[in-house]
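Biologist: Please take a close look at the interface of the two chains. What is in contact there, and how is the pairing of strands arranged?

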2 protein chains.
Amino acid sequence: MKYFDKRYIASLDHLYRVNLVNSSSGFKSANLIATKSKEGVSNVAVFSSVIHLGSNPPLLGFIVRPTTVPRNTYENIKATGYYTINHIHEAIIEDAHHCSAKYDASISEFSMTGLKEVYDHNCKAPFVKGAPVQLQMEFKEEHHFKINGTIMIIGEIVGMYVKEELLKDDGFVDLSQGKITAINGLDTYTIPTIKTRLPYQRPKKTVKQINQFDPSHI
Amino acid sequence: MKYFDKRYIASLDHLYRVNLVNSSSGFKSANLIATKSKEGVSNVAVFSSVIHLGSNPPLLGFIVRPTTVPRNTYENIKATGYYTINHIHEAIIEDAHHCSAKYDASISEFSMTGLKEVYDHNCKAPFVKGAPVQLQMEFKEEHHFKINGTIMIIGEIVGMYVKEELLKDDGFVDLSQGKITAINGLDTYTIPTIKTRLPYQRPKKTVKQINQFDPSHI
């Protein structure tokens, strides 16, 4: 095993450190978050930090970087209260990744890529056409992490579109069947395949517990 | 597409809703977090919420559920300040998943599974033997999310072991090569394979930008 201690990590070349540390959390969710500014310009950006926070109410969180440089997604969510989360699937990887380019707030990434925006009657923010899972989100809370200035945005799922064939009888959504990607590090897109689905686990009987009911101990 | 609105999601059967909402964030990281109590009992638990927060300093966060029921991982981290994060790989999926069973704090999951604990001279918390990526973490901050009582634990990577062959020249760690898993929903373990690695993206020249420098507009 190669070992890096704290001091060695701090001394690494910038790009080496970014690649190493971005790989260290494991695979990451791959989503496009779409918003609309008050001025009516749509925006779509790649995020690999969306996580599940709870099912009732249905809450997801994601991380935005410090606001010292313009962050259109954050500003639009704060201005409008709405956004959508759209899963990145195999067919749109290149277009999705291009949304990480730094465009001015006046330019919609939808106009610069093959991605298409679609709307329903309930949501002011655009959805990404063709994404196998599309979530309409309502902003709930933000938390500022002092340690490095990152912000967690927490939102509630108020609408959810799922491609019919991915949805199983017990509510499980088969992301592999939808060719949805997982991100490794900063820039590597993977396609996962299911290895196993395991049942709910209960404790095994331990030697200690068996002994408690052993008549020889009474 | 199947559509669920907020009211429909709230009306779903508990297990259906849990499966549905847990699938909605996309693929999740698959990690074993290991700790040691003040009394010297080791603990290891599955987490699918570890996310990257920053590379300099190297920070990761993860979510613990409300503390209304005993949560050994949280209590041990608060008591000792240390924990380890260990990637779940193909060979240990069943043992890792069994760690989700609710054992009493006096019982180490290492004693109830095939997982083996190992130590180095720097870290009081155990590492999971054989995990292709093993991180020594120092507790930094916790944030309580009012909306549902979940807690984000933020820690700094103070030591990092990476299996040599997974580490590439630019610091990228090839998680697929290590057969590291990604989780879909609550209980489904997948193995991702690399589809593509894409370069850093810069904005394309837009029509608008070209016009700004068009002499006919001067």
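Modeller: In this predicted model, 113 residues of chain B are in contact (heavy atoms within 4.5 Å) with 113 residues of chain A. Between them the chains bury about 9800 Å², buried area being the accessible area (1.4 Å probe) that two parts lose on being put together, summed over both. Carbon and sulfur atoms account for 62% of it. The rule finds 6 salt bridges across the interface, each a side-chain nitrogen of Lys or Arg within 4 Å of a carboxyl oxygen of Asp or Glu. In the one between A:Asp187 and B:Arg197, the closest N and O atoms are 3.0 Å apart. On the side of chain B that touches chain A, strand β13 (residues 188–197) gives the most, with 10 residues. That side divides into 49 nonpolar, 37 polar and 27 charged residues; Gly counts as polar, and Asp, Glu, Lys and Arg as charged.

Strands here are DSSP runs of E, at least two residues, numbered from the N terminus, and two of them pair if DSSP finds at least two bridges between them. β11 (residues 151–162) of chain A and β1 (residues 2–5) of chain B pair antiparallel over 4 bridges, with B:Asp5 as the bridge partner of A:Gly159. An open sheet of 6 strands, with antiparallel pairing, has the order β2(A)-β12(A)-β13(A)-β13(B)-β12(B)-β2(B). Its edge strands are β2 (28–29) of chain A and β2 (28–29) of chain B, each pairing on one side only.

Residues are numbered from 1 along each chain as its sequence is written, and chains are lettered from A, with ligands numbered from 1, in the order in which they are written. Local features need pLDDT of at least 70, side-chain atom pairs count only at pLDDT 80 or more, and totals for chains, interfaces and linings use all residues, while side-chain values use heavy atoms, leaving out hydrogens and water.
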